Amino acid sequence: MDFIDQLRELGLRIAKIKDTIQTEEATKNAMIMPFIQILGYNVFDPLEVTPEIVADVGMKKGEKVDYAILMDGKPIILFECKRSGGDLSINHAIPVI
């Protein structure tokens, strides 16, 4: 199955389960981790995907983000997760300055 098909399959699965997901942790397990895997990263290898990492970028100086994808030990992609269906605001963003 190619990348686009995997994304479509995940999207269809998320559409079916999104109303049953009640917590941020469940959202991460059911939606975010599968997405990171589709991107080609091993969510079970902390040298590749690190959960709860301190992010020193933008407004998140010294605060933790939910996941960071690492390359050569340095974060290259950050994920800040919220509960499925939860309200989002600009305060949840990770702006890079």
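**View 1. Strands β2 and β3 run side by side in opposite directions.** In this predicted model, strand β2, which covers residues 63-71, pairs with β3 in the antiparallel sense over 5 bridges. A handy place to start looking is Met 71, which stands opposite Lys 74 in β3. As a reminder, strands of a sheet pair through backbone hydrogen bonds, either parallel or antiparallel.

**View 2. Three strands make an open sheet in the order β1-β2-β3.** The pairing here is antiparallel. At the edges you will find β1 (49-55) and β3 (74-79), each of which pairs on one side only. On average, neighbouring strands of this sheet are turned by 55° against each other, direction ignored.

**View 3. Helix α2 packs on the sheet.** This helix spans residues 24-38 and touches β1, β2 and β3. The direction of α2 makes about 15° with that of β2.

**View 4. Helices α1 and α2 pack against each other.** Two packed helices are described by the angle between their axes and the distance between the axes. For α1 (residues 3-17) and α2, the angle is about 175° and the axes lie 10 Å apart. Angles over 145 degrees count as roughly antiparallel, so α1 is roughly antiparallel to α2.

**View 5. A closer look at the residues between α1 and α2.** From α1, the contact is made by Phe 3, Gln 6, Leu 7, Leu 10, Arg 13, Ile 14 and Ile 17. Helix α2 brings Ala 30, Met 31, Pro 34, Phe 35 and Ile 38. Sorted by class, this contact of α1 with α2 has 10 nonpolar, 1 polar and 1 charged residues.

Terms used
Residues are numbered from 1 along each chain as its sequence is written. This is a predicted model: local features need pLDDT of at least 70, side-chain atom pairs count only at pLDDT 80 or more; totals for chains, interfaces and linings use all residues. Side-chain values use heavy atoms; hydrogens and water are left out. Two strands pair if DSSP finds at least two bridges between them. Helices (H or I, at least four residues) and strands (E, at least two) are DSSP runs, numbered from the N terminus. Axes are lines fitted to C-alpha atoms, for helices over the stretch in contact, and angles run from 0 to 180 degrees between N-to-C directions. Contact means heavy atoms within 4.5 Å. Angles under 35 degrees count as roughly parallel, over 145 as roughly antiparallel, 65 to 115 as roughly perpendicular and the rest as oblique. Ala, Val, Leu, Ile, Met, Phe, Trp, Tyr, Cys and Pro count as nonpolar, Asp, Glu, Lys and Arg as charged, and the others, Gly among them, as polar.
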